[in-house]
Amino acid sequence: MTIKIGDRLPEGTLSEFVESETEGCALGPNTFSVEEISKGKKIAIFGLPGAYTPTCSAQHVPGYVKHAEQLKAKGIDETWCISVNDAFVMGAWGRDQKATGAVRMMADGNASYTKSLGLDADLSKFGMGTRSQRYSMLVEDGVVTQLNVEQGGKFEVSNAETLLKQLA
């Protein structure tokens with residue numbers, strides 16, 4: 001079943017490659033409870049098929065990096081990119097995309113969280129296995145308030161500009 005507006009995010013974990021060691025976060029991959037890190041926050045989340053893939057690298061992530069300050073100005077506490085890749089790949093991709101400080105690059109290496117959202121996609125015919133559909137959502141204190149899921153192969157409604165308009 002696909003998550004919908006009004007639903008609470010499912011319990012689960014995501015991993016993030018942490019560049020600078022802080023209290024509670026070691027350098028390197030760290031695993032976080034989605035329930036804990038979304039509590040009390042307004043979060044822009046976008047999911048995409050994979051790191052270093054054409055549309056994801058040329059448009060999707062750059063749009064959220066470009067509009068990070070505008071999202072914050074409209075009350076967004078954090079922006080997350082979720083992809084079915086490991087934390088090492090997501091960390092490297094985030095550095096390449098200059099996302100540090102703008103977008104948290106969250107890894108869902110086994111697609112377990114993506115499956116719990118009901119937003120997984122079988123891209124085996126492209127040699128990519130199970131991946132994520134392309135989507136965006138606004139989440140307030142763990143509850144989905146907006147959801148934009150792309151039709152296969154499209155990039156029209158999951159961009160940062162659409163979320164900005166939905167925050168107006």
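How many aromatic pairs does the count come to by the ring-centre rule? The count is three, where rings of Phe, Tyr and Trp (its six-membered ring) pair if their centres lie within 6.5 Å, and planes under 30 degrees apart count as stacked, over 60 as edge-to-face and the rest as tilted. The model is predicted, so that local features need pLDDT of at least 70 and side-chain atom pairs count only at pLDDT 80 or more, while totals for chains, interfaces and linings use all residues. Residues are numbered from 1 along each chain as its sequence is written, and side-chain values use heavy atoms, with hydrogens and water left out.

One of the pairs is formed by Phe17 and Phe88, whose ring centres are 5.8 Å apart and whose planes meet at 55°, so the pair is tilted. This pair links distant parts of the chain, 71 residues apart: Phe17 belongs to strand S1 (residues 13–18) and Phe88 to helix H4 (residues 87–96). Helices (H or I, at least four residues) and strands (E, at least two) are DSSP runs, numbered from the N terminus. Phe17 is partly exposed at 21% relative accessibility, and Phe88 is exposed at 54%; buried means under 20% relative accessible area, exposed over 50%, and partly exposed in between (1.4 Å probe, protein chains only).

Tyr52 and Trp93 form another tilted pair, with 6.1 Å from centre to centre and 45° between the planes. Tyr52 lies in the loop between strand S3 (42–48) and H2, and Trp93 in helix H4, so the pair ties together parts 41 residues apart in sequence. Tyr52 is partly exposed, at 45%, whereas Trp93 is buried, at 0%.

A charge is also placed over a ring: Arg104 lies over the face of Phe32, at 5.2 Å from the ring centre. The criterion is NZ of Lys or CZ of Arg within 6 Å of the ring centre and within 35 degrees of the ring normal.

Helix H2 (residues 54–66) has 13 residues and should span 18 Å at 1.5 Å a residue, which agrees with the 17 Å between its end C-alpha atoms; the expected span is 1.5 Å times one less than the number of residues. Its buried residues are Cys56, Ser57, His60, Val61, Gly63 and Tyr64.

H2 also contributes three residues, the largest share, to the lining of the second largest pocket. That lining comprises 18 residues, of which Pro49, Leu123, Arg134, Gly152 and Gly153 lie nearest the pocket centre. On a 1 Å grid over the protein atoms alone, a pocket is an open set of points where a 1.4 Å probe fits, with protein on both sides within 12 Å along at least five of seven lines, and lining residues have an atom within 4 Å of a point.
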